[in-house]
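Please read the points below with the sequence and the model open side by side.

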Amino acid sequence: MRDKILLVEDEEKLRRILQLVLSDAGYEVQTAADGGSGVECWKNWKPSLVLTDLKMAPLDGLHVLRYGSDHAPEIPCVMLTAFGTVETAVEAMKNGAFDFLTKPVDHEQLLEVVKQGLEGKRTKSKKTADLLGSSTVMQELREEINLLASTDSAVLILGESGTGKELVARGIHKASKRSQGPFVRINCASIPVDLLESELFGHKKGSFTGATENHEGAFVRADGGILFLDEIGDLPLALQPKLLHAVEEKEILPIGGKKPQSVSVKILSATNLDLDEMVRERKFRTDLYYRLNIMRVVLPALRDRGHDVEEIAVAFLTRFAHEFDRPVSRISDRAIDILRAYRWPGNVRELRNVMERAVLRCSGKELDSDCISNLTSEEESFSIETAGSNLDLVAKEQELLLAALKQHNWNKTQAAKELNISRSALRYRLQKYGLKK
Ligand SMILES: Nc1ncnc2c1ncn2[C@@H]1O[C@H](COP(=O)(O)OP(=O)(O)OP(=O)(O)O)[C@@H](O)[C@H]1O
Ligand SMILES: [Mg+2]
């Protein structure tokens, strides 16, 4: 069967040309001329990949992207952006875009990105990002997820950073009778207070300066599905009464709206903060806390999961070896000992990062302890890294990236080939390190 590609682009000429390029390459293509009809087509036609322009009216590419991340996160969405709007493109990547291409679009590059997107999708749907680990606590956790998914009650997910709270939230969605409905995630810590209210409840056109269109809030987008309030401990006190009302009454009032609208959502929330303590200190409302905490699940730290460490390490080794096309396929006993002895303050996320770097460093078939970065300083590097700073290995990596790019005159496709990584992996790294020509 031919892969189906949806192309959303308002410029008619470009739309026709790209449609030709794609159908010549053997893809089945449908087109739309703005975000609204793009989403309609996505809903009805169910493409395997979506290409969308960013700037369109009245509804733009972010609208399309958002539909995808709520309803079909496994479908890669590639952004087309005008030259010089890289910041918006980076914003799009943060919102879940698979990759972006700047205009004028290079046809070869387009086909390369499409091919990678479709391949990524295939490996992704096989992996389905399941919880790894067969320790007793993890087995119990899987049963708990089914239980938590079986009702419409709110669930509070607690645990240290990197223990898999978001993964568990998605697992609950998958196991629930709402699995065909949307999964909408709002990060309460990363959205500025004045935007957060509109993100949650929506706003009406003209309700404040800059509100040029009606905006649908997360509650409405999650109708019939699940709303995941991530980093709930960072929800500003000022917004808590309005959230309480929405959760209690199952209805919301958009900013500037007159009529409340009822919604059916199951609420999941998560935090790595000590919410009980925050309630005692009056930094979090007690009444809201009780509403969100109807059921709760506490994720164990990786250091308390017995042999999960080596099991998960090996799984990541296989995954990254495949992704970066490296020959490594096993891990030495010495390396395992080091991993076992470590405390893992950043839990599974940290283990994943360590294995990713180790695979990149390893040139042979067996991953030995010398490929594993110094874990005693890893605790430090973990916090420094999240603050956006770098260490030795990172400097080395940057050096390699730059060398390859220079060698190929900043042609990313060729540089990625040289480095033996995918083009999107390269792009991800360039963004992470802020490397530019
Ligand atoms: N049991 C697991 N098996 C496989 N991957 C896992 C597991 N737990 C976590 N991960 C991976 O570790 C990373 C962090 O997980 P996640 O985002 O769910 O953590 P979190 O608890 O939400 O952390 P934070 O509090 O920092 O937001 C993700 O890449 C996730 O896929
Ligand atoms: Mg999280």
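1. A backbone N or O atom of Gly164 lies 3.1 Å from an oxygen atom of ligand 1. For Glu166, a backbone N or O atom is 3.0 Å from an oxygen atom of the ligand. Lys165 uses a polar side-chain atom instead, 2.7 Å from an oxygen atom of ligand 1. The protein covers 88% of the 630 Å² of accessible area that ligand 1 has on its own (Shrake-Rupley method, 1.4 Å probe).

2. This is a predicted model, in which local features need pLDDT of at least 70 and side-chain atom pairs count only at pLDDT 80 or more, while totals for chains, interfaces and linings use all residues. Residues are numbered from 1 along each chain as its sequence is written, chains are lettered from A and ligands numbered from 1 in the order in which they are written, and side-chain values use heavy atoms, with hydrogens and water left out.

3. How many residues surround ligand 1? There are 19, and the closest are Leu132, Ser161, Gly162, Lys165 and Arg352; to be near, a residue needs a heavy atom within 4 Å. The shell divides into six nonpolar, five polar and eight charged residues. Here Ala, Val, Leu, Ile, Met, Phe, Trp, Tyr, Cys and Pro count as nonpolar, Asp, Glu, Lys and Arg as charged, and the others, Gly among them, as polar.

4. In helix H8 (residues 193–201), Leu196, Ser198, Glu199, Leu200 and Phe201 are buried. Helices (H or I, at least four residues) and strands (E, at least two) are DSSP runs, numbered from the N terminus. Buried means under 20% relative accessible area, exposed over 50%, and partly exposed in between (1.4 Å probe, protein chains only). The elements that the buried residues of H8 pack against include helix H3 (61–71) and strand E7 (183–187), where contact means heavy atoms within 4.5 Å. Just after H8, Gly202 takes a positive phi of about 85°.

5. Is Asn293 buried or exposed? Asn293 counts as buried because its relative accessibility is 16%. The residue sits in the loop between helix H12 (286–292) and strand E12 (295–298). Its side chain makes a polar contact of 3.4 Å with that of Arg296. A polar contact is a pair of N or O atoms within 3.5 Å; within protein, one must be able to donate a hydrogen and the other to accept it, and residues adjacent in sequence count only if both atoms are side-chain atoms.

6. Glu12 lies in helix H1 (residues 12–24) and is partly exposed, at 43% relative accessible area. A polar contact of 2.6 Å joins the side chains of Glu12 and Arg16.
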